Amino acid sequence: NSEFKKNNKIDKKNFENITLMYVEDEKPIRDKLVLILETLFKDTVICKNGKDGYEAFLNAKSKGDKIDLIVSDINMDEMNGIEMLKHIREIDRNIPFIFTTAYSNKEYIDEASKYGVSHYAIKPINLKELLAHIYDICNTK
């Protein structure tokens, strides 16, 4: 298993070179997790829905900024996470993608799997588990 899991501690140096995009439409959830993410990652791009996330991704791409990984809710207004993923896959087929969801809805998971999702995190999010997956994905990449 991963070095991160063996150590069972959150070490900022594991994430200091990673730019993460976090997409979540529920403000209380977003605000709570952002406080932690912004202290760990080199850069954190925060978005409030799929449309916002897709536009932020396009903007970063056009400026030559690199987003290393996307963590996104699935069920959102103004473009859900799966629609956003479909659009992003037209531009970048390899960027790692983690979905967070309150549901273990098989239809969502089957649909998202077609577009190469790296991991699913069921809400409420277990932060250590999420960070372990981010660590594994970014170190494999």
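Buried means under 20% relative accessible area, exposed over 50%, and partly exposed in between, with a 1.4 Å probe and protein chains only. Helices (H or I, at least four residues) and strands (E, at least two) are DSSP runs numbered from the N terminus. This is a predicted model, in which local features need pLDDT of at least 70 and side-chain atom pairs count only at pLDDT 80 or more, while totals for chains, interfaces and linings use all residues. Residues are numbered from 1 along each chain as its sequence is written, and side-chain values use heavy atoms, with hydrogens and water left out.

Strand S3 (residues 69-73) has five of its five residues buried, so it is largely enclosed by the rest of the structure. In a regular strand, side chains alternate between the two faces of the sheet. Leu69, Val71 and Asp73 are buried on one side of S3, and Ile70 and Ser72 are buried on the other.

Two strands pair if DSSP finds at least two bridges between them. S3 pairs in the parallel sense with strand S1 (residues 19-23) over four bridges, and Ser72 is the bridge partner of Val23. S3 also pairs in the parallel sense with strand S4 (residues 97-101), over four bridges. There, Ile70 stands opposite Phe97 and Val71 opposite Ile98.
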